[in-house]
Amino acid sequence: MAFQQGLSGLGVASKALDVISSNVANSSTVGFKASGTVFADTYAAAMGGGVNNLQVGMGGNAITVRQSFTQGATTATNNPLDMAIAGNGFFQVQRNNNSTAFTRNGQFDLDSNGYIVTPLGERLMGYQTLNSDGTAAFIGATAPRALQIPPIGIGAKATGTDAVPVGFRGNLNSADAAKAAAPAFSTTDSSTYNFTSSSAIYDSLGNQHAMTLYFRKTAANTWSVYSEFRPLGGTPTLVPATPETLTFDSAGNWATGGPIAIAALNPGSGADPLNFDINLSSFTQRNSGSAVFEITQNGTPPGELASVSVSNNGLVQGRYTNGETRDLGKVILATFRNPNGLASVGDNLWVETRDSGQPALAGPGDGLNGTIGSGRVEESNVDMSQELVQMIIQQRNYQANAQSIKTQDALLQTLINLR
């Protein structure tokens, strides 16, 4: 019977060496998870009842190969679409046969159609909505789909869209002398005003125009504000024709004045009329040089996609040549009640099974999911020192089992040679 026991030992050691060899071979495979062999003893079925104190085992058996889903170290890359999961979770990908698989390998790129794909072309899944003009957006949790970054630009946005005002934040020098009634204000005569500042504004076609404010002090704590529209290639015009009166309290804080309403302003060039307010309530009047510290307006020229990146919470963001940044989608992660129940199908992919349970999908950082590190990849969690030690142990086990077979053979030879 020692032959069978020895043979089972050879098989167990050989299986363990196979697993170790696979771990060593994938020590540089991104997202790889090391495996270990689980052993069990084997007994023959006993005839009759009761306890047999003379039972001898039939050898050993490798009952399962179990993967270790411990965290691997992360390494920085030069690719902003590379992603490393810190914590629980798997990327969900759509395979080329339209089936779903899961991976920890976060090496991604864009294909010719704008899909975020693995090196083998599997498409990364996430939350995304495609607008009617073909642009992508992230609007809450939707049904998972393959994330696509259309290589088209975004259109221009006119200043004042969504009733957002043009904002000036600054200070008017309280030490300035008030201007006399004569000469009258003139944009071409700097002696008729104390301070001026200008903001770029955009029409619906993306043409850039200018809105210039002229501040003329008329009395203590009182200023007249003239607004001049300078159309691209056109004639400057005061809009409205009369100035706005701006007043301050004794502490130099804004008291009254504005907003200046710009309504139905024709920018020319076939663009839609401009409608926006100019907010003056962020001005102060103190004994300091007149200056504008900040100008805000929400108009933009058209822009083309310049780059794509991913945030810690999985937001896929597009940066455009006009300076705009837009959320285009969100990467989702999947967690399983029993990750060891997943079936490996090669190429760093797993598929769900009845033992693993169904995937729980959520964004990075939500629920049990880990977060994402952009521009990084997770290395294999293989510990080479441990694998080499285990290799020596299994080699000794193999040699010992071979020796038990050799010893049993020598005993049989002695028995056969009896006369």
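## Two cis peptide bonds

P183 sits in the loop that runs between strands β13 (166-173) and β14 (195-202). The names of such elements follow DSSP: helices are H or I runs of at least four residues, strands are E runs of at least two, and both are numbered from the N terminus. The peptide bond that joins A182 to P183 is cis, with omega near 0°.

A cis peptide bond also joins G258 to P259, again with omega near 0°. The loop that holds P259 lies between β19 (254-256) and β20 (260-265).

## The model and its confidence

This is a predicted model, in which local features need pLDDT of at least 70 and side-chain atom pairs count only at pLDDT 80 or more, while totals for chains, interfaces and linings use all residues. Residues are numbered from 1 along each chain as its sequence is written, and side-chain values use heavy atoms, with hydrogens and water left out.

The term pLDDT stands for the predictor's confidence in each residue, on a scale from 0 to 100. Its average over the chain is 90, and 96% of the residues score at least 70. Among the elements of the chain, β19 has the highest mean pLDDT (98), whereas strand β11 (residues 136-137) has the lowest (78). Where pLDDT is low, the predicted coordinates should not be read in detail.

## Positive phi angles

A163 is not a glycine, yet its phi is positive, at about 60°. The residue belongs to the loop between β12 (145-146) and β13. With a relative accessible area of 71%, A163 is exposed. Here exposed means over 50% relative accessible area, buried means under 20%, and partly exposed is in between (1.4 Å probe, protein chains only).

D347, a residue other than glycine, also has a positive phi, near 55°. Its place is the loop between β27 (343-346) and β28 (349-351). D347 has 54% relative accessibility and therefore counts as exposed.

F3, L412, L415, I416 and L418 make a nonpolar surface patch of about 490 Å². Accessible areas come from the Shrake-Rupley method with a 1.4 Å probe; for residues, only the protein chains shown count as cover. Patches consist of residues with over 30% relative accessible area and no salt bridge; nonpolar side chains (Val, Leu, Ile, Met, Phe, Trp, Tyr) are joined within 5 Å, and like charges within 9 Å. Helix α2 (residues 384-416) gives the most to the nonpolar patch, with 3 residues. I416 is in helix α2, and at 60% relative accessibility I416 counts as exposed.

Q394 is also found in helix α2, but Q394 is buried, with a relative accessible area of 6%. Which residues is Q394 in contact with, leaving aside its neighbours within four places in sequence? They are A13, A16, L17, I20 and F39, where contact means heavy atoms within 4.5 Å.

Side chains of opposite charge can pair when their charged atoms come close. A salt bridge is defined as a side-chain nitrogen of Lys or Arg within 4 Å of a carboxyl oxygen of Asp or Glu. The whole structure contains 4 salt bridges by this search.

One of them joins K33 to E378, with the closest N and O atoms 2.6 Å apart. This pair links distant parts of the chain, 345 residues apart: K33 is in the loop between α1 (2-25) and β1 (35-42), and E378 is in strand β31 (residues 376-378). Both K33 and E378 are buried. E378 also meets R104 in a salt bridge (3.0 Å, N to O). R104 lies in the loop between β6 (100-103) and β7 (109-110) and E378 in strand β31, so this pair ties together parts that are 274 residues apart in sequence. The relative accessible area is 4% for R104, which is buried, and 0% for E378, which is buried.

## A salt bridge between two strands

R169 and E294 form another salt bridge, their closest N and O atoms being 3.3 Å apart. R169 lies in strand β13 and E294 in strand β22 (residues 291-296), so the pair ties together parts that are 125 residues apart in sequence.

Are R169 and E294 buried, exposed or partly exposed? R169 is partly exposed, with a relative accessible area of 38%. E294 counts as partly exposed at 39% relative accessibility.
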